[in-house]
Amino acid sequence: MEQSMRRFMKVGLILHVAYRGIGDGDGPILECLGKVVQDDYFEAVEVTSINDPDVRTAAADMMRTSRMAAAYGGQGRTLSRGLNLNDLDEEGRRQAVAVLKEGIDQAYELGCVDFSFLSGRYREETKEQSFEQLLRSTRELCAYAKEKGDMPICCEVFDYDIDKKALIGPAHLAARYAKTIREEFDNFGLMVDLSHIPMIHETIEESILPVKEYIIHAHMGNTVIKSPECEAYGDNHPRFGFPNSENDVPELARYLRLLLTIGFLNEKTRPIVSFEVKPWKDEWPEAVIANAKRTLNLAWELV
């Protein structure tokens, strides 16, 4: 496309995926964030738990000063603790909700424009009960976020049988879930991720079109699922063009073209579309980030 991608979206980067050692809320967070806010290719950055309140304050100041939009990824808050929003054990479900409420507090403190999470694991024989538990948890999170301000929250669509094995999930169930919650809460939506679409065994169209009216955030990335014997197999977000991987320039162009067609990418709201790319083994983070930017530049020419 001849028009600049900046007219239709804010390109972002997930900080704690691109840089090692900061996903648990400690480590060189400000040093890594400083590298991203200085790069004018990016208009958005996605952060997660920041344990030190002074570091949170400094991070918020840095993002505000550099005119970066911030988003908060709460997925690691439950994954790292083995918690599950659709846990059939009520105490376990409550713990998951409490941990994410703490994340919502941090997101507001950091000035984030949205907060994301994921559903949990489930068993096929109790799938409907898990779905009801997820609805209950999501209602609590939406209500909590709404009490504090106008920041929307979103559930990221993950694989259901390869790696995270999350309830949400295939497009038909994601649509049912989003429709149910949106009827009660206008501050809820879905996050889609190009990395996860092959893992859900759906085409880009099959994954996006059924949920198009609920999408409020999007990720760009890659995955390896050809064989468990392949390097980076599963939900590991290797760089574009990684050996045996699923996504490169053509797939990213097709994804963006569809997001533009359905109106998600648009000049009025310019939503965040972030890279979720992770260095594999000893790869240099800056090289992986550069790979992502070059891939997007080439893909946009095909949109």
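Gln106 is buried, with a relative accessible area of 10% (buried means under 20%, exposed over 50%, partly exposed in between, with a 1.4 Å probe and protein chains only). The model is predicted: local features need pLDDT of at least 70, side-chain atom pairs count only at pLDDT 80 or more, and totals for chains, interfaces and linings use all residues. Residues are numbered from 1 along each chain as its sequence is written, and side-chain values use heavy atoms, without hydrogens and water.

**Helix 5.** Gln106 sits in helix 5, residues 90–110 (helices are DSSP runs of H or I with at least four residues, strands are E runs with at least two, both numbered from the N terminus). Leaving aside neighbours within four places in sequence, Gln106 is in contact with Thr48, Ser49, Ile50, Arg56, Tyr72 and Arg77 (contact means heavy atoms within 4.5 Å). Other buried residues of helix 5 include Gly92, Ala96, Val99, Gly103 and Leu110. The 21 residues of helix 5 should span 30 Å at 1.5 Å a residue, and the end C-alpha atoms are 30 Å apart, which agrees (the expected span is 1.5 Å times one less than the number of residues). Just after helix 5, Gly111 takes a positive phi of about 75°.

**Helix 5 against helix 6.** Two packed helices are described by the angle between their axes and the distance between the axes. The axes of helix 5 and helix 6 (residues 127–148) come within 10 Å and cross at roughly 25° (axes are lines fitted to C-alpha atoms, for helices over the stretch in contact, and angles run from 0 to 180 degrees between N-to-C directions). That makes helix 5 roughly parallel to helix 6 (under 35 degrees is roughly parallel, over 145 roughly antiparallel, 65 to 115 roughly perpendicular, the rest oblique).

**Helix 6 against helix 7.** Helix 6 and helix 7 (residues 171–182) pack at about 40°, with their axes 10 Å apart. That makes helix 6 oblique to helix 7. Their crossing is right-handed. Among the contact residues are Phe131, Leu134 and Leu135 of helix 6, with Leu173, Tyr177 and Ile181 of helix 7. This contact has seven nonpolar, two polar and four charged residues.

Helix 7 has 12 residues and reaches 16 Å from first to last C-alpha, close to the 16 Å expected. Its buried residues include Leu173, Ala174, Tyr177 and Ile181. Their cover includes strand 4 (115–118), helix 6 and strand 5 (153–156).

**Loops and backbone.** Gly169 lies in the loop between strand 5 and helix 7. The peptide bond from Ile168 to Gly169 is cis, with omega near -15°.

| Residue | Phi | Relative accessible area |
|---|---|---|
| Arg67 | near 65° | 76%, exposed |
| Lys281 | about 55° | 56%, exposed |

Arg67 is in the loop between helix 3 (53–65) and strand 3 (69–73). Lys281 is in the loop between strand 8 (272–275) and helix 10.

How values were computed:
Left-handed = near helix turned anticlockwise from the far one by under 90°. Nonpolar A, V, L, I, M, F, W, Y, C, P; charged D, E, K, R; others polar.
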